Amino acid sequence: MSDERGLSGRHDVGGERGLSGGHDVSDEHSAGGGRSADGGEFRVYAIQYARRDALRGEHFHGHDGRAGEPHPTAYYTWLAVSDRHTVVVDTGISRARAARIDGLDYLAAPAETMAELGVDADAVGHVVLTHLHYDHTGTARDFGAARYVLQRAELDYWTGPWSRRVARERWLMDEDDVARLRAAEKEGRMDLLDGDAEVVPGLSVHLVGGHTAGMQVVRIRTARGHVVIASDASHFYENIEDDRPFPILHSMTGMYGAFDRINELADGPHLVVAGHDPEVLTRFPPLTGALSGRVAVIAP
């Protein structure tokens, strides 16, 4: 797109405040202008908040002759906006932890980029946490008006005895992040789920496991069809498209099952969104020229 207009919309539902942009892109991006009667058709955006150089051997289970080749990692959160709801999927790494990670290029906190799009953090009604690894929970606190959506199996694992015994995994979870989420649970702001569920009309979560004990993916109704945010159920397109799991996993068979479930839920492979693949930014167009490399339009 040649113009550089921000993301905005009009919400007036319960405690969810409206999007405060100077321009309305609902007409700019809509396909035929249609909206479902329940307001459950979403516009979906991938927001890259960080990037890091890496090697192929870090991203695929098992060794092969290409393990030493460069294979960069991108770090995303996702924003889904309908006429009635604003939902964030995962919240990235906190700036403080990012500063301790060698080689990480931290572009902006997710809420900062959303503010550039005209989306105030307090306008977010739900934050879906696909799992509890540190690079998905780090700024959950920034969305202080939101309800958190998480699988019970995920919280139970990371606060239970097994994660304490599997010492090599402890670095993947941030104790402070989980403590804040437990506090939100006590305040009644946590929806702990036992399997698949609709979060709001047009947006649902689906327990797949594999990467972690309670890994969930997100299915979103859009003008293009049903999009699936795979998050770390498929870090890279090559994981799911070549049937090659990521090496950090809770269950090998669960990883393969997650690939199958993602493909069942999406209305085509072109509507699957990988969790850490720089290719997301080439498979989907930028929202504006100025935001190229930072915000991609998954579904207008």
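**Exercise 1. Find the residues nearest the centre of the largest pocket, then describe its lining and volume.**

Step 1. Start with Arg52, Tyr75, Trp171, Phe246 and Ile248: of the 18 residues that line the largest pocket, these lie nearest its centre. Here a pocket is an open set of points on a 1 Å grid over the protein atoms alone, reached by a 1.4 Å probe, with protein on both sides within 12 Å along at least five of seven lines; a cavity is a set where the probe fits but cannot get out, and lining residues have an atom within 4 Å of a point.

A word on the model before going on. It is a predicted one, where local features need pLDDT of at least 70 and side-chain atom pairs count only at pLDDT 80 or more, while totals for chains, interfaces and linings use all residues. Residues are numbered from 1 along each chain as its sequence is written, and side-chain values use heavy atoms, with hydrogens and water left out.

Step 2. Look at which elements contribute: β2 (73–81) and α4 (134–137) each give at least two residues to the lining of the largest pocket. Helices (H or I, at least four residues) and strands (E, at least two) are DSSP runs, numbered from the N terminus.

Step 3. Sort the lining of the largest pocket by type: 8 residues are nonpolar, 6 polar and 4 charged. In this sorting Ala, Val, Leu, Ile, Met, Phe, Trp, Tyr, Cys and Pro are nonpolar, Asp, Glu, Lys and Arg are charged, and the others, Gly among them, are polar.

Step 4. A volume is the space filled by probe spheres set on the grid points, which are joined across faces, edges and corners.

**Exercise 2. How many cavities of 30 Å³ or more are there, and what lines them?**

Step 1. The count is 2 cavities of 30 Å³ or more.

Step 2. The largest cavity holds about 50 Å³ of space. Among the residues lining it are His133, Tyr157, Trp158, Glu169 and His250, and its lining divides into 6 nonpolar, 4 polar and 1 charged.

Step 3. The second largest cavity has a volume of about 30 Å³.

**Exercise 3. Follow tyrosine 134 and its aromatic partner.**

Step 1. Begin with the total: there are 7 aromatic pairs. Rings of Phe, Tyr and Trp (its six-membered ring) pair if their centres lie within 6.5 Å; planes under 30 degrees apart count as stacked, over 60 as edge-to-face and the rest as tilted.

Step 2. In one of these pairs, tyrosine 134 and tryptophan 171 have ring centres 6.0 Å apart and planes at 50°, so the pair is tilted. The two partners come from distant parts of the chain, 37 residues apart: tyrosine 134 is in helix α4, tryptophan 171 in the loop between α6 (161–165) and α7 (175–186).

Step 3. Compare their surroundings. Tyrosine 134 is buried at 10% relative accessibility, whereas tryptophan 171 is partly exposed at 46%. Buried means under 20% relative accessible area, exposed over 50%, and partly exposed in between (1.4 Å probe, protein chains only).

Step 4. Tyrosine 134 also has a charged neighbour: arginine 97 lies over its face, 3.9 Å from the ring centre. A charge sits over a ring if NZ of Lys or CZ of Arg is within 6 Å of the ring centre and within 35 degrees of the ring normal.

Step 5. Stay in helix α4 for histidine 136, which is buried at 1% relative accessibility.

**Exercise 4. Is strand β10 buried or exposed, and which strands pair with it?**

Step 1. In β10 (residues 216–222), 5 of the 7 residues are buried, so the strand is largely enclosed by the rest of the structure.

Step 2. Strand β9 (residues 203–207) pairs with β10 in the antiparallel sense over 5 bridges; two strands pair if DSSP finds at least two bridges between them. Serine 204 has arginine 219 of β10 as its bridge partner.

Step 3. On to β11 (residues 225–231), which runs antiparallel to β10 and is joined to it by 5 bridges. Threonine 222 stands opposite glycine 225 in β11, and a hairpin through 2 residues joins β10 to β11.
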